[in-house]
Amino acid sequence: MFHPDEEYLADVRSLQRYIQSELNVRDVILTSDETTAGVRYRAVADWAVLGRKLRNNLGKVKSALPGLSSDEVKSYTETGRLTVAGIELVEGDLVVQRYIEPPEGEDSGSYATQTDNDVVVRLDIQVHPELATEWLARELISRVQKLRKKAGLQATDDVEVYYKFEEGTGTDLRYAMREHAAIIERTVRSVPVDVSERRAGSNVIIEEEQEIAETKFLLSLVRS
């Protein structure tokens, strides 16, 4: 994410964990360095406003605007003046937009960008298998935490967690639990295991159906 003001970025940085959680992203990179971010400049105009100002010269400016270089438009933001097709424009005549141009040879379909003219966000939208697995683990943790809260458990209460998948389902979730067992145990104090391993007569505190990535399963908390 790019913004020219370091103070603005500091405010965003204070919300970084929340952003990562809500967007399900591993890393958030904040920068005010235009070169690093690949930020470019372009100018657009309110033709109704410029039409009244330029009259017969409107067509010249309209044709020339797309040909302005990024550096020329950036200079306009600094000086408030820009000559287009021999016609001088001043501050307020043009709206400057920041955007990201993909580096040469890079697949533009691997990311999405958005801007409000000041902030420019570039989001990696490629599917990374290792991140998908990590997301499944985090979703499972979230389900366990919500179930603990619903059962009125305290953070220090130890419980055993069990799951039950329909036959032929849950392969990806089981794999995620194995790969990220340490993170799961550190967060919810127990790694879920198959319900077939639950002792007969166990004290079930709460049991509910859950759904993650279109896979439905039963999740239960049992008194240790």
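Predicted model: local features only at pLDDT ≥ 70, side-chain atom pairs only at ≥ 80, totals over all residues.
Is D124 buried, exposed or partly exposed?

1. D124 has a relative accessible area of 43%, and since buried would mean under 20% and exposed over 50%, D124 is partly exposed. Look for D124 in strand β6.

2. Next, see what lies around D124. Leaving aside residues up to four places away in sequence, D124 touches S110 and Y111. Y111 is 13 residues from D124 along the chain, yet 4.4 Å separates their C-alpha atoms.

3. The pocket is lined by 32 residues, and D124 is among the closest to its centre, together with V25, D27, R122 and L123.

4. Which elements give two or more residues to the lining of this pocket? They are α1 (6-13), α2 (16-23), α3 (34-37), β6 (120-124) and α7. By residue type, the lining divides into 21 nonpolar, 5 polar and 6 charged.

5. The axes of α7 (residues 129-150) and α8 (residues 171-179) come within 8 Å and cross at roughly 90 degrees. Angles of 65 to 115 degrees count as roughly perpendicular, so that is how α7 and α8 lie to each other.

6. On the α7 side, the contact is made by T133, L136, A137 and L140, while α8 brings D172, L173, Y175, A176, M177 and E179. These contact residues divide into 7 nonpolar, 1 polar and 2 charged.

Conventions. Residues numbered from 1 in each chain as written. Heavy atoms only, no water. Axes fitted to C-alpha atoms, helices over the stretch in contact; angles between N-to-C directions. Helix = DSSP H or I, 4+ residues; strand = E, 2+ residues; numbered from the N terminus. Parallel < 35°, antiparallel > 145°, perpendicular 65-115°, else oblique. Contact = heavy atoms within 4.5 Å. Nonpolar A, V, L, I, M, F, W, Y, C, P; charged D, E, K, R; others polar. 1 Å grid on protein atoms, 1.4 Å probe; cavity = no way out; pocket = protein on both sides within 12 Å on 5 of 7 lines; lining within 4 Å. Buried < 20%, exposed > 50% of the residue type's maximum accessible area, 1.4 Å probe, protein only.
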